[in-house]
Amino acid sequence: MSPNISLIIINRFSVSYGGEPAIATYACIAYVICIIYLILQGVGDGSQPLLSQCYGEKNGDDLKYVRKLAYGFAFALSVVGCIIMYVTKGSLGTLFGASSEVNVEIAKIMPIFLVSVPFVAILRITTASFYATEKSIYSYILTFIEPIFMLVLMLILPPLFGGQVMIWWSTVFARILSAILALVLKQRVDKQELS
């Protein structure tokens, strides 16, 4: 549900600042970048049973090892995905029958969205880790905080700093802030478990 809320927020603000071309641009970007996000979600979901098992066995060392492995693998996949998306950015719009103008915009805007992909990797693994270790409240916070950050940033940044481009950057900043919050919560949980 959270990605759909984010999509509604992005489209609502894009209508105001960039109109139909901005919505068409984001639609193509969202469809393509979603592939990377789903792969990262798969790494998080795939690591969850192992994390849960380690947690149930009270095996903190293995839990940290599996989580570290999941972070590393998700980060590596995010980098590979970003490279592929960056290299193919000029032709992504043609996959969806976008006009040449929209295709040019996609090529121009895609690098902005790629900045957030490694942060999404952190967020997905941390959220899965919290679910696996009975920290569901933190998982819920991380799941729904991104659209909240997005909404707040889109209310503030575009009017102050430049319209549609700040809609794109608000999305990226929301994901970065969500990942930072995830790391802060993770560090807090790790400290509590050590004491």
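This is a predicted model: local features need pLDDT of at least 70, side-chain atom pairs count only at pLDDT 80 or more; totals for chains, interfaces and linings use all residues.
Close-up 1. A search of the whole structure turns up seven aromatic pairs. Tyr-131 and Tyr-140 make up an edge-to-face pair, with ring centres 5.9 Å apart and 80° between the planes. That counts as edge-to-face because the angle is over 60 degrees.

**Close-up 2. A trio of rings.** Here we look at Tyr-26, Phe-113 and Trp-168, which together form one aromatic cluster.

**Close-up 3. The largest pocket.** This pocket has a volume of about 700 Å³. Its lining takes in 29 residues, and the closest to the centre are Ser-2, Pro-3, Asn-4, Tyr-37 and Arg-124. Two or more lining residues come from each of α1 (2-17), α2 (19-56), α5 (117-132) and α6 (136-161). The largest share belongs to α2, with twelve residues. Sorted by type, the lining has 17 nonpolar, eight polar and four charged residues.

**Close-up 4. Arg-124 over Tyr-37.** Zoom in on these two pocket residues: the charged end of Arg-124 sits over the ring of Tyr-37, 5.8 Å from the ring's centre.

**Close-up 5. The second largest pocket.** This one has a volume of about 180 Å³. Twelve residues line it, and Asn-59, Gly-60, Leu-63, Lys-64 and Glu-193 are the closest to its centre. At least two lining residues each come from α2, α3 (60-87) and α7 (164-194), and α3 gives the most, with four. The lining of this pocket splits into four nonpolar, three polar and five charged residues.

Definitions and conventions
Residues are numbered from 1 along each chain as its sequence is written. Side-chain values use heavy atoms; hydrogens and water are left out. Rings of Phe, Tyr and Trp (its six-membered ring) pair if their centres lie within 6.5 Å; planes under 30 degrees apart count as stacked, over 60 as edge-to-face and the rest as tilted. A charge sits over a ring if NZ of Lys or CZ of Arg is within 6 Å of the ring centre and within 35 degrees of the ring normal. On a 1 Å grid over the protein atoms alone, a cavity is a set of points where a 1.4 Å probe fits but cannot get out, and a pocket is an open set with protein on both sides within 12 Å along at least five of seven lines; lining residues have an atom within 4 Å of a point. Grid points are joined across faces, edges and corners, and a volume is the space filled by probe spheres set on the points. Ala, Val, Leu, Ile, Met, Phe, Trp, Tyr, Cys and Pro count as nonpolar, Asp, Glu, Lys and Arg as charged, and the others, Gly among them, as polar.
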